[in-house]
Amino acid sequence: MGQDVDRTTFSRRDRQNYRAKVQRCLDALAVMLKEHTFARDEPMTGLEVELNLVDHDLAPSASGAAVLESMGASEFQSELGQWNLELNLPPRPLPGDHWRRLERQLLDELATVRASALEHGAQLAVIGILPTLEHRHLVAELLSPDSRYTMLNEQMLSARGEPIRLDIAGDDPSGRHDVAPEHLVADFDSIAPEAACTSMQLHLQVPPDSFAAYWNAAQCVAGVQLAVGANSPFLLGSRLWAETRIPLFEQSCDVRTPELRNQGVRPRVWFGERWITSVLDLFAENTRYFPALMPVAEDNDPFAELESGIAPGLDELRLHNGTIWRWNRPVYDIADGVPHLRVENRVLPAGPTVVDMVANALFFYGLLRELVEADRPLWSSMSFEAAEENFTTAARHGLDGPLYWPGNGWIRPDELVLRKLLPQAAAGLARWGVTTEVADRYLGVIERRCVERRTGASWQLDTVAALEARGADRPAALRGMLARYLESSAANEPVHDWPVPA
C-alpha cells in the first residue's frame, strides 16, 4: 500500500500536485534506466502469504489484532479483514537448498500462528477463499482499523459512487456436467469482499534490461499457474470458478461504474493488454490510464536526490503503483541504498499446504528462467489475447479447461505440464543453481498433482459433493470440508494425497 495516510478528503490541487509528482518520478525512473544505476547482484526472491483465522465453529474469527499482538513477530502484519493476517518472509536467493530451508521456516512461522490463535479461541486456515464466509462477515465493521485500509475503503467507494456488486456465474468447475451451475449476485457497501481473497505473492528481483522478458514470461504462464494451483471454488456458499478469487478480486476492487466499463476504461485489477519492451511501459500505463486513489505527495524531488547520489524513493510512483493490482505487478524498491526492480506475481491462492505452496513457487521460478533464456521467446509466437484467455479459462475450469500453447495448440493443462513444462521448469531451476534434490522434491509435487488430477479446488469440490451426497446441506458440507482441510493442511501432506470421503 505504501505510506500511511490520515486524510479522508483531497482537493483538486492535491490531485494536480500528485499527478505532476507521479510524472516527475516516471521521468526520473527513465533516466535511471538509461544510466544503469540498479542492483545487478544475485537475484533475490520473496514470499508473502495471506492467512485466515476461524473460530471453533469454523466461521471467520475477528481476532487478527489480538493474535498479532500476542505473537509480536515483525514478519506478520494485519490485512484488510479482521480475520486476516499476512506473513512476509525475508528475501532469499534461489540457488542451492534455500527454498528447502524456506519450507521449514514457513512451517515454523505457521506453527507460531496456530499456537497464538489457539490462545484466542481461533484456528489458522491457509486457503484461497474461506468457504464459511457469509454476507454478514463482509461489512465495513469487520475491516481492520488501520488508517490505510480506512482510506482505501473511503476512496474506492467515493470513486465508484455506488455499492460494489459481485456478479459471478459458475459453470461447473468440477467438470461434472450433471451438476447445475450456480450464480452469485450480491451488493456490498464496503470493499470488505476483497478481504475474502487470500493469496500467495511471489517476488523475483531482475535486472532492468531483462525485466520485460521476465514479465512477459510471467504473463504467458499465469494460466498454467492457476490451472495447477487453483484452491478457491466456493464463495458465500456458492460453487463458482475453480479459482473464484480471480473474479472476486477483480470485481471487489472495481471502481468503475457500468457506464465506464462499457466505455472501455481499464480496471484497477488488470491482466494488461500487450507485451512490453521495458518496465517503463507498465509504469507509464499506470500514469496514463489510472487516476489517483490516494493523492498524497511528498516534499522530496527525485531529480535532486539523483544529483546528490541518493537513490530516489519515487514515493508517488510507488504509492500509485500500489493501488493498481496487476496480476504480475512491477515493483521499484530500495535495499541497502541501492534501487532494484522486481516482478510481483499475484496469481496464486494461499494453500493448501506449505509443501504445495513451495512447489508452486519453484515451478514458477524454474519455468520463467527457461522461457526467458529460450532461443525464441514464447511471447513472439503467442498473442497477448491468448495468454489472457488462458488465464480466464484456467480460473474458471482449473485442470479441465484446455489452454492454447504454441507448438501444441489446444491442450489440457495437466498434459501440457507433464509433457513439456515440467522438464523446462527443471532445466530452469538448474540454471538458477537449485540443487537436484530440491528441484525433484517440489517439481515431483506438481507432477503428482497433474497425474492424479487433484488440486486444492478439485479436492474441495469433490469433498463437498461427497458430504452433500450423504445428506448434508451446503453450509454443513462446507464446514465438514473445511474441518478436514484444516487437519490435512497442518499435516503438510501435499493435496494430491488427501482422501475424499466415500
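Start by selecting helix H4: with 3 residues, H4 gives the largest share of the lining of the second largest pocket. Helices here are DSSP runs of H or I with at least four residues, strands are runs of E with at least two, and both are numbered from the N terminus. This is a predicted model, where local features need pLDDT of at least 70, side-chain atom pairs count only at pLDDT 80 or more, and totals for chains, interfaces and linings use all residues. Residues are numbered from 1 along each chain, and side-chain values use heavy atoms, without hydrogens or water.

Stay with that second largest pocket, whose volume is about 250 Å³. Now pick Ala159, Val255, Arg268, Pro291 and Leu293, the closest to its centre of the 15 lining residues. (A pocket is an open set of points on a 1 Å grid over the protein atoms alone, where a 1.4 Å probe fits, with protein on both sides within 12 Å along at least five of seven lines; lining residues have an atom within 4 Å of a point.)

Next, the largest pocket, holding about 1200 Å³ of space. Select Glu48, Asn88, His203, Arg342 and Glu344, which lie nearest its centre among 49 lining residues. Strand S1 (44-54) and helix H10 (315-321) are among the elements that each supply at least two of the lining residues.

Last stop: Phe303, in helix H9 (residues 302-307).

Key
Grid points are joined across faces, edges and corners, and a volume is the space filled by probe spheres set on the points.
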